[in-house]
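Could you walk me through this structure? I am new to it and would like a guided tour in plain paragraphs.

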Amino acid sequence: MTAIPIRDFLLLAPEIFLAVAGMAMLVAGSYGRDNGGNGHRGCSVCAVAALAMTGGLVFWLQGGREVPEVILSGMFVLDGYAFFWKILLLIAATLTIFLSERFVAEGGYRPGEYYALILFATTGMLLMVSGFNLLSIWISLELMALSSYILAGYFKHQLKSTEAALKYFVLGALSSGILLYGVSLLYGATGTLELAGLSDALSLAVAAGDGQVLVALGWLLLAMGLFFKVAVVPFHVWTPDVYVGAPTPITSFLAIASKAASFAVLVRIFYQGLAFLTPDWQWLTAALATITMIWGNLAALTQKNVKRMLAYSSIAHAGYVLIGVLTATEDGQWAVLFYLAAYTFITAGAFGTVVLLERRAYAGETYEDYAGLARRAPFLAASMMIFLLALTGIPPTGGFVGKIYLFAAAVEAGWVWVAVVGVLTSAISLYYYMGLIVQMYLKDAEDTTPEPLYAPGLLATVGLCAVITVLLGLLPGPLIELAKGSLLPLP
Amino acid sequence: MSIPVSVPIQWYFLLAGALFVIGALGALSRRNGITIFLSIELMLNSVNLLIVAYARVVGERTGDLLTALNGQILVLFVLAVAAAEAAVGLALFIAIFRGRRTIDVNRLNLMRW
Amino acid sequence: MANYIPILVFVLVAIGFLIVSLMAARIFRHGGKGGTNADPYECGNEADSLAHDHRFSIRYYLIAVLFVIFDVETIFLFPWAVMFDRLALFGFIEMMVFLAILVVGYVYVWNRGALDWA
């Protein structure tokens with residue numbers, strides 16, 4: 001029995017700290033009577049402080065690694081790739097907390113639970129992107145997912161919120177069962193759960209002859225579970241309802257943090273665990289990326305609710321990211337990292353605008369509610385226009401740069417037709433994003449149109465996201481260099 | 001200690017596959033929330049059955065106790081996570097029931113248009 | 001690509017199974033609805049009342065949920081107990097950490113009043 005060195009636990013201190021902070025907040029927030037949402041500011045400050053300290057610990061203990069280090073008997077790996085995602089996820093969680101300000105106060109529930117659950121979900125994500133064993137990856141994924149189910153139903157007296165949570169839960173549990181079934185088949189075929197040895201073991205199992213069906217079925221089911229998490233057609237059915245029904249900051253959390261973490265794991269499993277099957281998953285991914293881009297954009301065309309439109313847009317964007325995944329080249333990989341980083345700020349900003357226009361009981365979400373916004377709130381309208389342009393992929397925004405590099409990587413790797421579909425569907429997306437811009441700038445407000453909320457913190461967050469979106473379009477260099485330094489070895 | 005006549009792994013595979021498919025179909029086609037929930041538990045437990053069976057086979061194939069142990073450890077974790085999932089699911093059903101007096105999922109259609 | 005043909009067969013068989021079983025149910029099922037068919041079965045006696053009229057308190061479900069969690073989490077104690085000698089101090093500390101996490105949950109549940117019967 002070899003004991004695990006204490007050093008390994010010290011290296012994992014950021015995640016441990018975040019989990020402890022979440023537990024402390026949970027217990028501290030449970031004292032006293034139900035205080036009707038008071039003290040949310042204190043809680044949010046504590047949560048942001050915890051995330052910031054975790055970020056500091058990540059920099060101190062896990063940053064600057066040239067060579068990947070495997071810790072805790074192969075359960076987790078610390079490399080540049082995990083480091084990049086951890087920083088991005090911590091930023092995404094912080095943005096979510098900034099957006100939550102008004103919601104938690106108005107919700108009237110205990111704020112400690114809300115922030116504690118966000119910290120738990122973030123802990124799961126941080127562990128997930130470091131996971132190097134199918135067991136540890138699955139458990140971290142579940143930690144993220146279970147926290148997200150509860151967060152989606154946080155407004156427990158609003159029927160839409162609980163309905164969203166239930167749909168998310170049922171389909172999430174189903175997908176997690178499918179993923180696990182795939183894991184068990186791969187384990188049966190290879191006898192290993194570690195990503196490091198999985199690919200070689202797979203080639204042995206296939207060469208031996210009798211393991212072929214197990215391997216094929218196993219990786220397909222595993223991939224299905226992962227595709228569900230990143231919301232790719234045809235595994236996307238939960239997305240629109242959950243995104244509409246969940247409290248908007250949580251919708252944003254699901255769209256940026258949950259999606260980014262799931263993509264990080266998907267790429268790691270495909271590139272490191274399933275390297276032997278590269279041509280197979282490339283074709284599957286190409287097919288799904290094509291369907292996702294087409295269906296996501298077409299479905300978004302018909303939406304009248306902005307949150308629902310953003311949900312379909314988020315599905316379509318998962319398709320664009322898959323283009324980068326399927327190339328299996330260095331260019332494709334850093335384009336994925338860059339795109340998801342830019343997408344984090346764009347989407348957080350877009351949902352922030354929705355938060356500002358929203359009223360109790362989900363009013364203020366339709367296209368008409370945005371009419372004449374340019375006159376009523378010029379700053380907000382301008383920010384929203386930047387986000388919409390970025391989502392379409394129009395310069396000078398981070399969305400444009402990201403899309404160009406994704407498509408270029410696909411063309412270079414020989415997947416021209418996928419890139420062509422990407423360009424064409426981007427053109428379609430122009431129509432529905434423009435529809436909202438037209439509402440804001442060319443239509444006049446009715447008397448019944450809701451006034452945007454005045455909340456300085458939220459406005460500042462939206463403005464910050466807009467500035468970063470434009471900066472990433474004008475000066476993408478530093479982030480590209482960062483992404484290029486955080487790559488996984490190619491399959 | 002070995003059992004003289006052991007059940008071939010294929011049988012476990014078929015049984016677990018059948019249970020898994022029954023669970024998946026139940027989760028997708030049933031209307032009562034609790035039944036859906038039971039179906040999901042069935043899926044997870046079919047996975048457990050399969051992993052335990054494989055752990056034994058893998059252990060015999062490689063002669064390495066540790067690889068066999070991997071599977072058994074996985075089963076313990078699946079059980080624990082399934083319990084957590086059960087708790088979250090039941091709590092959500094309670095919340096839904098309080099709001100609507102029903103857990104028939106076909107009536108959960110506030111957001112379809 | 002040939003590796004995936006068995007999977008295609010699986011999928012077809014699964015769809016076929018679905019169709020056959022649904023059709024069989026349609027053909028063979030008893031036609032009549034209502035009447036004694038809808039009555040609850042009570043060991044041959046007439047039922048006093050419907051099961052729906054005797055709902056359990058929601059408290060009951062709450063306790064059940066909490067029981068499920070705390071009951072199943074103890075599963076990790078068994079392998080630890082079996083290997084107690086070999087895991088030695090390190091295993092002991094780890095298990096204490098695990099139990100401390102459970103206690104955190106317990107304290108939270110207690111504070112929130114989920115254990116009050118009133």
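Chain A is built from 20 helices and two strands. Its radius of gyration is 22 Å, close to the 23 Å that the globule rule gives for 491 residues, so chain A is as compact as a globular protein of that length. Please keep in mind that this is a predicted model. If you follow the C-alpha trace of chain A along its principal axes, it spans about 75 × 55 × 40 Å. Of the 491 residues in this chain, 64% count as buried. Among the contacts in chain A with a separation of 6 or more, 81% are between residues 24 or more positions apart.

Find helix α7 (residues 159–190) of chain A and helix α9 (residues 212–229) of chain A: their axes come within 7 Å and cross at roughly 150°. An angle over 145 degrees counts as roughly antiparallel, and α7(A) and α9(A) are therefore roughly antiparallel to each other. The crossing of α7(A) past α9(A) is left-handed. On the α7(A) side, the residues that make this contact include Ser175(A), Ile178(A), Leu179(A), Tyr181(A) and Leu186(A). From α9(A) come, among others, Leu214(A), Trp219(A), Leu222(A), Phe228(A) and Lys229(A). Sorted by class, the residues of this contact are 16 nonpolar, six polar and one charged.

A second pair in chain A has another arrangement. Helix α12 (residues 278–301) of chain A packs with helix α18 (residues 416–442) of chain A at an angle of about 10°, and their axes are 9 Å apart. Angles under 35 degrees count as roughly parallel, and α12(A) and α18(A) are therefore roughly parallel to each other. Among the residues of α12(A) in this contact are Ala286(A), Thr290(A), Met293(A) and Asn297(A), while α18(A) contributes residues including Val418(A), Gly422(A), Ile428(A) and Tyr432(A). The contact of α12(A) with α18(A) has 12 nonpolar and five polar residues, and no charged ones.

Now for some details of the backbone. Most residues other than glycine have a negative phi, and most peptide bonds are trans. You will find Pro234(A) in the loop between α9 and α10 of chain A. The peptide bond from Pro395(A) to Pro396(A) is also cis, with omega near 0°, and Pro396(A) sits in the loop between α16 (378–392) and α17 (398–412) of chain A.

Two residues of chain A stand out by their phi angles. Leu72(A) is not a glycine, yet it has a positive phi of about 55°. Its place is in the loop between β1 (69–71) and β2 (76–78) of chain A. Leu72(A) counts as partly exposed, because it has 17 C-beta neighbours inside 10 Å. Ala328(A), another residue other than glycine, has a positive phi near 55°. Look for Ala328(A) in the loop between α13 (306–327) and α14 (330–357) of chain A. Is Ala328(A) buried or exposed? With 22 other C-beta atoms within 10 Å, Ala328(A) is buried, since 20 or more are needed for that.

Chain A also touches a neighbour. The contact between chain A and chain B takes 31 residues from chain A and 33 residues from chain B. In chain A, α6 (134–152), α7 and α10 (239–245) each supply at least two residues of the side that touches chain B. Which of the elements gives the largest share of that side? The answer is α7(A), with 16 residues. By class, the side of chain A that touches chain B has 17 nonpolar, nine polar and five charged residues.

Chain B has a contact with chain C as well, where 11 residues of chain B meet 11 residues of chain C. Helix α3 (residues 65–100) of chain B provides the largest share of the chain B side, 10 residues. On that side there are 11 nonpolar residues, no polar ones and no charged ones.

Our last stop is in chain C, where Phe92(C) lies in helix α4 (residues 84–111). Phe92(C) is exposed, because it has 12 other C-beta atoms within 10 Å. Phe92(C) and Gly16(C) are 76 residues apart in sequence, and 53 Å apart in space from C-alpha to C-alpha.

Notes: Residues numbered from 1 in each chain as written. Chains lettered and ligands numbered in written order. Predicted model: local features only at pLDDT ≥ 70, side-chain atom pairs only at ≥ 80, totals over all residues. Contact = placed C-beta atoms within 7 Å. Helix = DSSP H or I, 4+ residues; strand = E, 2+ residues; numbered from the N terminus. Nonpolar A, V, L, I, M, F, W, Y, C, P; charged D, E, K, R; others polar. Rg over C-alpha atoms; globule rule 2.2 N^0.38 Å. Axes fitted to C-alpha atoms, helices over the stretch in contact; angles between N-to-C directions. Parallel < 35°, antiparallel > 145°, perpendicular 65-115°, else oblique. Left-handed = near helix turned anticlockwise from the far one by under 90°.
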